[in-house]
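Biologist: I would like to go through this fold step by step. Please show me the sequence and the structure before we start.

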Amino acid sequence: MSVERTLSIIKPDATRRNLTGKINAKFEEAGLRIIAQKRIHLTKAQAGEFYKVHAERPFYDELCEFMASAPVVVQVLEGEGAVAKNREVMGATNPADADAGTIRAEFAESVGENSVHGSDAPETAAAEIAYFFAGTELVG
Ligand code: ADP
Ligand code: MG
């Protein structure tokens, strides 16, 4: 296993409920280091570009509306096997299926409003990080 970086987003349902600190504590307890972080309010077009891989899915429009409905916190997490480790800490997409103690089990409101995004592979992580951050903003 090597040191990796992955993109995380704390989604609007979580920022609305003031859960940024509680979610960040989960990452840090799992050994993931937050090496970049900023709070932004996405436009629907920016959300649509970020999630374009899902453009054909029935929930795409709803997902883009939701992601632009309130601020998000975009962040880069670093650690051993960070991509898979973050997916473990996040839990399953649908909170009803998420293991106890995961972010989605504890905080997600529904399969759509599920509190966090995490990259699904090292290649997508690199592209997603570059979408939000300049190299000079990553301070490991
Ligand atoms: P993950 O975020 O776990 O990687 P996906 O990549 O499959 O999940 O989906 C991206 C996001 O789209 C999910 O996190 C969720 O916000 C939304 N989504 C996925 N499936 C559904 C669904 N069946 N209904 C509504 N929204 C969904
Ligand atoms: Mg995904």
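Modeller: A residue counts as buried when its relative accessible area is under 20%. Bear in mind that this is a predicted model.

Biologist: How many of the eight residues of strand 1 are buried?

Modeller: Strand 1 covers residues 3-10. Strand 1 is largely enclosed by the rest of the structure, because the number of its eight residues that are buried is six.

Biologist: In which order do the four strands of the open sheet lie?

Modeller: Strand 1 pairs with strand 3 (residues 72-80) through eight bridges, and with strand 4 over three bridges. Both pairings are antiparallel. Strand 2 (33-40) and strand 4 (116-118) each have a single partner strand and stand at the edges, so one side of each has no neighbour in the sheet. The order is therefore 2-3-1-4.

Biologist: Which residues stand opposite Ile10 in strand 3 and in strand 4?

Modeller: Strand 1 runs from residue 3 to residue 10 and is joined to strand 3; its pairing with strand 4 is antiparallel too. Elsewhere in strand 3, Gly79 is the bridge partner of Glu4. Opposite Ile10 stand Val73 in strand 3 and, in strand 4, Val116.

Biologist: Which helix packs on the sheet, touching strand 1, strand 3 and strand 4?

Modeller: The direction of this helix makes about 35° with that of strand 1. The helix spans residues 82-90 and is helix 5.

Biologist: Is Ser8 buried or exposed?

Modeller: Ser8 is found in strand 1. Leaving aside neighbours within four places in sequence, its contacts include Phe27, Val73, Leu77, Asn86 and His117. The relative accessibility of Ser8 is 0%, so the residue is buried.

Biologist: What separates the C-alpha atoms of Ser8 and Arg87?

Modeller: The two residues are 79 apart along the chain. Their C-alpha atoms are separated by 9.7 Å.

Biologist: How wide is the arc that the buried residues of helix 7 cover around the axis?

Modeller: Helix 7 spans residues 122-132, and its buried residues are Ala125, Glu128, Ile129 and Phe132. These four lie on the same side of helix 7, because the arc they cover is only 105°.

Biologist: Which exposed residues does the face of helix 7 turned away from its buried side carry?

Modeller: The buried side is covered by elements that include strand 1, strand 2, helix 3 (44-50), strand 3, helix 5 and strand 4. The face turned away from that side carries the exposed residues Glu123, Ala127 and Ala130.

Key. Residues are numbered from 1 along each chain as its sequence is written. Chains are lettered from A and ligands numbered from 1 in the order in which they are written. This is a predicted model: local features need pLDDT of at least 70, side-chain atom pairs count only at pLDDT 80 or more; totals for chains, interfaces and linings use all residues. Side-chain values use heavy atoms; hydrogens and water are left out. Two strands pair if DSSP finds at least two bridges between them. Helices (H or I, at least four residues) and strands (E, at least two) are DSSP runs, numbered from the N terminus. Contact means heavy atoms within 4.5 Å. Axes are lines fitted to C-alpha atoms, for helices over the stretch in contact, and angles run from 0 to 180 degrees between N-to-C directions. Buried means under 20% relative accessible area, exposed over 50%, partly exposed in between (1.4 Å probe, protein chains only). The arc is that of the directions from the helix axis to the C-beta atoms.
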